[in-house]
Amino acid sequence: MRIRVGATTDIGQVREGNEDSYLILDPLYAVADGIGGHRGGEVASNLALQTIQRLFSAHEGDLTEQVERANRAVFERSQNDREVAGMGTTLTAALVQGPRVRLAHVGDSRAYLFRDGRLELLTEDHTLVHQMVVEGEISESDAETHPHRNVLLRALGVDGTVQVDDGIVEMQDGDRLLLCTDGVTSMIRDDQIKAVLQETKDPQEAVDRLVRAANRAGGIDNITAVILDFTEDSSRDGTREAPMQRPAKRRPVAPPPPSPQPRRRGGRTARRIGIGAGIALALVVLGIVGVRLYLDTQWFVGVSNGRVAIFRGVPAEVAGLDLNSVVVETPIRADEAQELAFYRDRLLEGITADDRDAAQAIVEQIRRDVTRARQDRR
Ligand code: MN
């Protein structure tokens, strides 16, 4: 098989840095999407790819073992360097072995096969919303707009060990393999991705078009795409692209972050990882690693025992287990607040907040609105 490669990464429209990385080390290709504050995400995605690059070059282990070692490397760095504590990364890697491609995957970056005009997702998202779909808690379309659709259940570097999904794909003449981060797939739908892959023959032009489409759709995340085009050709003519590292990152050009609003969806804080305990128990029972760290940084206002209450976590459940815990029950009666049309459904769904202060501010607003309504009735 002859392979032609297109690859690009872009900061997007909103983020202040690019925490995505990609690796082109023919015949090994990968994308990684780092998570964690400060420089953590960037360090994690780079370190993961450097590790598999080093092990691959040294012929140490198979692809899955290399990814496990990358997990260990990110985890240990995260433990030993306060600056990047709690960091993690996704990783989706493809190793071309003759007519086969071996895949290794952790997180919510994706691999797609484009064959005969059809686009097939080869990987499973290790996300809370995907798990909720599997459990029948929400529908596929709910998942696309869920406020916590970015919560990862699995990532490299969060724990000392990680479960790696792997698989083998038999490639055919004309096949296209797309590796991309969620900056592509959270911004544009599969049918748009398919249209770009259908219409754009040149792989570099195709990845550039995917990035432009994701940016036009909002570009709220870093955007990375790698395309491998497979053609039957036994004569090696040296047209493969030379191995290259990801290009230097652009400097921050992002606008200031939007001010916190109730019900804000997704956005910059959606992948923040923090440290804490709280609601760990239920999640450990589920065997879910990493999500606990995320949930402890999430807040919302909802209803507990008939009162307006502040919760830590996310207003959702998986397999019958709540992913949240009550922090404060206020004296405000929920039924009184829910007489106000604005709060009726929102309180039941949970009004999300960026931090505890923001949650408290929402409570104060509800208190004022309830008091005013009471006075109006007199
Ligand atoms: Mn991302």
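I began with Arg209, which counts as partly exposed at 28% relative accessibility. For reference, buried means under 20% relative accessible area, exposed over 50%, and partly exposed in between (1.4 Å probe, protein chains only). This is a predicted model, where local features need pLDDT of at least 70, side-chain atom pairs count only at pLDDT 80 or more, and totals for chains, interfaces and linings use all residues. Residues are numbered from 1 along each chain as its sequence is written, and side-chain values use heavy atoms, with hydrogens and water left out.

**Entry: salt bridges**

I looked up the partner of Arg209. Glu199 forms a salt bridge with Arg209, with the closest N and O atoms 3.3 Å apart. Glu199 lies in helix α6 (residues 190-199) and Arg209 in helix α7, so the pair ties together parts ten residues apart in sequence. Glu199 counts as exposed, at 53% relative accessibility.

My rule for a salt bridge was a side-chain nitrogen of Lys or Arg within 4 Å of a carboxyl oxygen of Asp or Glu. By this rule I count 19 salt bridges. Helices (H or I, at least four residues) and strands (E, at least two) are DSSP runs, numbered from the N terminus.

Next I checked Asp229 and Arg176. Their side chains meet in a salt bridge (2.6 Å, N to O). Asp229 lies in strand β11 and Arg176 in strand β10, so the pair ties together parts that are 53 residues apart in sequence. Asp229 is buried, with a relative accessible area of 11%. Arg176 is buried too, with 6%.

I also noted a network of salt bridges linking Glu336, Glu339, Arg374 and Arg377.

Asp182 and Asp221 are buried.

I followed β11 to its partner. β1 and β11 pair in the antiparallel sense over nine bridges; pairing needs at least two DSSP bridges between the strands. Ala7 has Val226 in β11 as its bridge partner. Seven of the nine residues of β1 (residues 2-10) are buried, so this strand is largely enclosed by the rest of the structure.

Last, I checked α1 (residues 40-57). In α1, 13 of the 18 residues are buried, so this helix is largely enclosed by the rest of the structure. Just after α1, His59 takes a positive phi of about 55 degrees.
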